[in-house]
Amino acid sequence: MATKSAHHGDNYINFEKGLWSWLTTVDHKRIGLMYMATVMFFFLIGGIMALLLRLELFAPNAAANVGNVLKNGDVYNQVLTYHGAIMVFMVIVPGIPAILGNFFLPLHIGAKDVAFPKINLASWYCFMAGAALAIATFFFKKIDTGWTFYTPYSIRTGTATVLMVLGAFVMGMSSVLTGLNFIVTVHKLRAPGMTMHRMPLFVWALYSTAILQLLATPVLAITLLLLAAEKLFGVGIFDPALGGDPVLFQHFFWFYSHPAVYIMIIPAMGVVSELITTFSKKVIFGYTAIAYSSLGIAAVSFFVWGHHMFVSGQSATAGIIFSFLTMLVGVPTAIKMFNWVATLYKGSVSFDSPMLFALGFLFLFAIGGVTGIMLAVLPIDVHFHDTYFVVAHFHYVMVGGTLMALMGGFYYWFPKMFGKMFNESIARLSFVFIFIGFNVTFFPQFILGAMGMPRRYFDYIPAYENLNKISTIGSWLILTGFLMGLWVIVQGLRNGPKAPLNPWGSKTLEWQTASPPPHDNFAVEPIVTAGPYEYR
Amino acid sequence: MSTDSTTTANGFRAAHVSHHFKDATQEYDSGKQGIWLFMVTEILMFGAILVGYAIFHHIYPDMFEEGAKSLDWKMGFINTLVLIFSSFTMAISISLIQQNKTKQAAMAMATTILCGAVFMCIKYFEYSHKFHLGLYPGRFLDVAKVGAEHANLGMYYGFYYCMTGLHGLHVLIGMGLITWLLIRTIRGDFHSQYWLPVEGVGIFWHIVDLIWIFLFPLLYLVG
């Protein structure tokens, strides 16, 4: 190895050259960028499908207009399924941990790499293989089950379900490997002086997420395998015709997939913690409360899956218990919210583009969270179940929460990742479009849901037309915003000016090394003597 | 990776500490923690199917009893002994490597692989016998031909094939991993200073063994 270093570059990007060096790299930073490229690609595909769905719903099918693009309900169901599956399994679940987590977790704790670099690379290949399997079904026999693959429909419809769930299984493997890697890295590879209570809150969030990934994903894995077995061999476990129980599938599925929504949101909360404190130039309020509330959310998330089955015929007692437990998640979440707001209070707040996204997160996530509590209330859920109210709620959490944080984190760390600055004014404009567009798209859906418009339908009665029109127009604003964001990134990469070492004046460890960081992250191993947010 | 390792005094390759670890201890601790965490996921995966088993056993106790009676507990028992013995030889091989007794360790590993093969052979005979009788899973079970008392006996076989099939797959993976260890042992990669992969695969093998120890009574005896 030593012989090579003579002609090695001074950072991880020019350390080795050529496509092959990227495909075989074990550097966590390069793997983070590989995830970035692929996740952005899937986001584009999932986004196009979202736009098609909204276009279809622009007006009722009876009217002659720009709608009616998807021909019939079958095509609509297929596009709906791929939109959901791609956005969940290939964008939001891997999003922040795999891109920003991979890149910054070792930098944050002063490590040279994650604990298992080869497994890290393997997890990217698992992700790609799983995604390839899932997307292959699109050309083979399109899936129309929705991303939840509910039985018994999923065992009766076309054969490609098997391929799709195997794809999800393999992507789950990737998620487990990433989580495992992060846990061991946090436990074993912290730099001298980096105690658990000196870790940045983003690391705490990733750590909690990793625990969830490790404990929840195997249950999804077996559920999907059993679904495939049901389909291929008719084993009878989920098939009511053979004595099985389709609701058992829902129990198994949500035992993973409910914690999974916290796999999506906890990393976002971690990013927001970093942004709020950095751009308020103030010690974060309630460090330990925020750190442990991540673990609290992770713990409670395992006991709330039944709220997806309030109307499935489970007992009233079960419904009441799940309702109570679901509301309990609000406690650690509110702890975070109040701590962020308390950090802003009397801080020297600067409204740089990452901060705008963080504040956008606070606003949108508050709406998403509060409507979540509404849906946790048993009688309200019976009324709102499977209406657009639910659609609006989870988009506020997943898009308004996770994607806002991903964008904010991405702008925040862009200078560190590439050593270049981006166009700040266009970045701010991209926020404005995404934020306004998002509200225009999804807020009317709360009202539509309250009016009774069911989700997953491809047509509706004329009474819902105006709000649907507004919603569809909002989707075009979001598109504009994300295209601007893409332009900001590409322009910044191509000819952004050289970034200063620490453009935002942050105190965390990753800003102490060069931008972009060298292959081994730090020229000399850092020795940590203070907490991560020693502002004032 | 091992190309730049140097040879130690007693002819073994020195442990190679990957560049991002400070020392061999840190690497060992990390690796071991990683393996145990992975085992947690394995246990949870089988845990879910055991939950399914428990639920349906509760709903259809008679049907599960009928199913359990049709299994050959003797074959299952022999397999249990075979697997426990293989766990023993696997554990022995780690101990032997720690004492630098490479040849004996290789023998122990080969015995473990052999036990795995015996297990799979017995499984093969069990499966083919079941197929011969028409005892297929779920909807493929011909209730009339088999003469089943319970109309959905197929579900019992659904559980039987899913649980033992997934377990058998793990046995095959374990055999593959131990073969890889065997090759590396003969090559002299492992010695008293470095045995982490042997221990890791050993833990995997023990867990696979342990899962069978749950499956055997649940499927063959309970009921």
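User: In this predicted model, what makes helix α14 (residues 388-418) and helix α15 (residues 424-451) of chain A a packed pair, and at what angle?

Analyst: Their axes run 8 Å apart, at an angle of about 170°.

User: Why are α14(A) and α15(A) called roughly antiparallel?

Analyst: Angles over 145 degrees count as roughly antiparallel. The pair sits at about 170°, so α14(A) and α15(A) get that label.

User: And what kinds of residues make up the contact of α14(A) with α15(A)?

Analyst: By class, there are 18 nonpolar and 7 polar residues, with no charged ones.

User: How do you know how far to trust chain A, on the pLDDT scale from 0 to 100?

Analyst: Chain A averages a pLDDT of 92, and 97% of its residues score at least 70. Residues 1-6 of chain A are another story: their pLDDT is below 50, and beyond near neighbours in sequence this stretch has 2 contacts in the model.

User: Over to chain B. What makes up its secondary structure, helices or strands?

Analyst: Helices: chain B has 7 of them and 0 strands. Along the sequence, that reads α-α-α-α-α-α-α.

User: What share of chain B is called buried, and why that word?

Analyst: Buried means under 20% relative accessible area, and 50% of the 223 residues in chain B are classed that way.

User: What is the accessible surface of chain B, and which atoms does 69% of it belong to?

Analyst: The surface comes to about 10,200 Å², with 69% belonging to carbon and sulfur atoms. As for extent, the C-alpha trace of chain B spans about 70 × 30 × 25 Å along its principal axes.

How values were computed. Residues are numbered from 1 along each chain as its sequence is written. Chains are lettered from A and ligands numbered from 1 in the order in which they are written. This is a predicted model: local features need pLDDT of at least 70, side-chain atom pairs count only at pLDDT 80 or more; totals for chains, interfaces and linings use all residues. Side-chain values use heavy atoms; hydrogens and water are left out. pLDDT is the predictor's confidence in each residue, from 0 to 100. Contact means heavy atoms within 4.5 Å. Axes are lines fitted to C-alpha atoms, for helices over the stretch in contact, and angles run from 0 to 180 degrees between N-to-C directions. Helices (H or I, at least four residues) and strands (E, at least two) are DSSP runs, numbered from the N terminus. Angles under 35 degrees count as roughly parallel, over 145 as roughly antiparallel, 65 to 115 as roughly perpendicular and the rest as oblique. Ala, Val, Leu, Ile, Met, Phe, Trp, Tyr, Cys and Pro count as nonpolar, Asp, Glu, Lys and Arg as charged, and the others, Gly among them, as polar. Buried means under 20% relative accessible area, exposed over 50%, partly exposed in between (1.4 Å probe, protein chains only). Accessible areas come from the Shrake-Rupley method with a 1.4 Å probe; for residues, only the protein chains shown count as cover.
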